[in-house]
Amino acid sequence: MDNHTLLRKALEEARAGLREGGLPIGSVLADSRGQIVARGHNLRVQTGDPTAHAEVVCIRNAGRRRDWPELTLVSTLSPCIMCTGTALLFRIPRVVIGENRNFMGEEELFRQRGVQIEVLDDPECIELMREFIRTHADLWSEDIGK
């Protein structure tokens with residue numbers, strides 16, 4: 001699968017989170033052949049776990065692995081400091097980001113550590129987050145620690 005196809009799968013996760021009453025942020029992890037090895041979406045509201053951001057959930061769902069340096073993390077939204085740190089801890093070398101207009105995460109930290117980043121600036125990701133932030137400002141502020 002190419003990056004745009006992988007992002008569509010992450011968007012499916014984001015929509016699942018929204019349907020469950022949570023935040024519409026999704027993530028997938030793909031191997032070097034573009035095959036999805038794990039999926040996840042933000043579960044912070046649903047589980048009461050403040051660390052259950054989409055990327056952390058996705059990485060957790062991947063389980064124990066030894067091929068982290070061969071994987072690509074795809075997220076609908078620019079990863080926050082916690083999610084960035086988790087990806088760096090496991091030496092994930094490539095991150096594909098759906099959008100960073102509604103929230104600019106720690107992309108510079110990724111770059112400083114040699115992680116290859118591609119921001120797709122996807123209109124659907126942008127609008128999904130824009131609308132969520134507009135209608136659920138309290139949940140969004142809580143999610144990003146404001």
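Predicted model: local features only at pLDDT ≥ 70, side-chain atom pairs only at ≥ 80, totals over all residues.
Q: Let's start with helix α1. Which residues does α1 cover, and how far apart are its end C-alpha atoms?
A: Helix α1 covers residues 3-19, and its end C-alpha atoms are 24 Å apart. That agrees with what you'd expect, because 17 residues at 1.5 Å a residue should span 24 Å.

Q: Which residues of α1 are buried?
A: Leu6, Leu7, Ala10, Leu11, Glu13, Ala14, Ala16 and Gly17.

Q: And what covers the buried residues of α1?
A: The cover includes the strands β1 (26-30), β2 (36-41) and β3, along with the helices α2 (44-47) and α6 (123-135).

Q: What does glycine 17 touch, not counting residues up to four places away in sequence?
A: Gly22, Leu23, His41, Asn42 and Gln46.

Q: What follows α1?
A: Glycine 21 follows α1, and its phi is positive, near 90°.

Q: OK, new topic: strands. How do β3 and β4 run, and how many bridges join them?
A: β3 and β4 run parallel, with 4 bridges joining them. One of the pairs is valine 74 with valine 96, its bridge partner in β4.

Q: How does the chain cross from β3 to β4?
A: The chain goes through α4, and this β-α-β crossover is right-handed.

Q: Which helix makes a β-α-β unit with β4 and β5?
A: Helix α5, residues 107-112, and that unit is right-handed.

Q: Now the inside. How many residues are in the largest nonpolar core?
A: It has 16 residues. Leu29, Trp68, Leu73, Ile92, Val95, Phe110 and Val115 are those with the most contacts inside it.

Q: Which elements give two or more residues to this core?
A: α3, α4 (81-89) and β4 do. α3 gives the most, with 3 residues.

Q: Why would nonpolar side chains be together like that?
A: In soluble globular proteins, nonpolar side chains tend to be buried together.

Q: Let's pick isoleucine 92. What is isoleucine 92 in contact with, leaving aside its neighbours within four places in sequence?
A: Leu29, Ile59, Trp68, Leu71, Thr72, Leu73, Ala87 and Val115.

Q: How far is isoleucine 92 from glycine 17, going by their C-alpha atoms?
A: The two C-alpha atoms are separated by 24 Å, and the residues are 75 residues apart along the chain.

Q: Back to α4. Which residues of α4 are buried, and what do they pack against?
A: Cys83, Thr84, Thr86, Ala87 and Leu88 are buried. The buried residues of α4 pack against α3, β3 and α5.

Q: What follows α4?
A: Arginine 91 does. Its phi is near 60°, a positive value in a residue other than glycine. Arginine 91 is found in the loop between α4 and β4.

Q: Why does arginine 91 count as exposed?
A: Its relative accessibility is 52%, so it counts as exposed. The cut-off for exposed is over 50%.

Q: What about aspartate 121, where does it lie?
A: Aspartate 121 lies in the loop between β5 and α6. Its phi is near 50°, again a positive value in a residue other than glycine. At 31% relative accessibility, aspartate 121 counts as partly exposed.

Q: Last one: aspartate 67. Where is it found?
A: Aspartate 67 is found in the loop between α3 (54-62) and β3 (72-75).

Q: Is aspartate 67 buried or exposed?
A: Aspartate 67 counts as buried because its relative accessibility is 19%, and the cut-off for buried is under 20%.

Q: Which side chain does the side chain of aspartate 67 make a polar contact with?
A: The side chain of arginine 65, at 2.7 Å.

Methods. Residues numbered from 1 in each chain as written. Heavy atoms only, no water. Buried < 20%, exposed > 50% of the residue type's maximum accessible area, 1.4 Å probe, protein only. Polar contact = N/O pair within 3.5 Å; in protein donor to acceptor, adjacent residues only side chain to side chain. Right-handed = clockwise from strand over helix to strand, strands pointing away. Expected span 1.5 Å × (residues − 1). Contact = heavy atoms within 4.5 Å. Core = buried A, V, L, I, M, F, W, Y, C linked by side-chain atoms within 4.5 Å. Pairing = 2+ DSSP bridges.
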